[in-house]
Amino acid sequence: MNILLKKNIMKYIISKLTLFSLLLIACIACGPRVELDLTKYGDTAFIQDARLFYLEQADRQIFEGEGTITGVRRVFFSNGTTIDNDNFTATISVSAADAALLSESGITFTHQAMSIEPLEGAPRAGVSADFSGGNFVYRVHSADGTTHDWTIIIEVV
């Protein structure tokens, strides 16, 4: 056999093997999915920390094209949070000097839960809102389906 014919046969075999391999991988990838057993994580519907912030215009400007793009950053101003896991409360302390910031502030949570949803008109987390009203209720969802309604207490000291 001539060498050119052998090269063409090898190219043909390699291309068919490559195609077969891709089809095999595609069939395996489309197989039945294995769902995770989220119940094994137990009750994780607990808040570990809650902090209040306000948005401040960033002191750096980025010039792009014809316009000026400015950004904002979160500035945390709460003094500390007391967590009560037995009564599902988190008390956030704010100094009297910073009390005026409560009308346009936001809240962030540290948690290991699946999600946190605001209840009874509480503001969404991460978004500026009015927190001067005092207490807010959030439902914390655990991976195993457990929920706890947490009361967030804003305390001006």
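I take buried to mean under 20% relative accessible area, exposed over 50%, and partly exposed in between, with a 1.4 Å probe and protein chains only. By that scale I find glutamate 56 partly exposed, at a relative accessible area of 27%.

I note that this is a predicted model, in which local features need pLDDT of at least 70, side-chain atom pairs count only at pLDDT 80 or more, and totals for chains, interfaces and linings use all residues. Residues are numbered from 1 along each chain as its sequence is written, and side-chain values use heavy atoms, with hydrogens and water left out.

**Salt bridges**

I looked up salt bridges (a side-chain nitrogen of Lys or Arg within 4 Å of a carboxyl oxygen of Asp or Glu) and found 2 in the structure. In one, glutamate 56 pairs with arginine 73, with the closest N and O atoms 2.9 Å apart. Glutamate 56 lies in strand β1 (residues 47-64) and arginine 73 in strand β2 (residues 67-76), so the pair ties together parts 17 residues apart in sequence. I took strands as DSSP runs (E, at least two residues), numbered from the N terminus.

Arginine 139 forms a salt bridge with aspartate 149, at 2.7 Å between the closest N and O atoms. Aspartate 149 belongs to strand β8 and arginine 139 to strand β7 (residues 135-141), so this link spans parts 10 residues apart in sequence.

**Sheet**

I then traced an open sheet of 5 strands, ordered β3-β4-β8-β7-β6, with mixed pairing; two strands pair if DSSP finds at least two bridges between them. Its edge strands are β3 (80-84) and β6 (115-119). Strands β4 (residues 89-94) and β8 (residues 147-156) run parallel, joined by 6 bridges. I recorded isoleucine 154 in β8 as the bridge partner of isoleucine 92.

How values were computed. Helix = DSSP H or I, 4+ residues; strand = E, 2+ residues; numbered from the N terminus.
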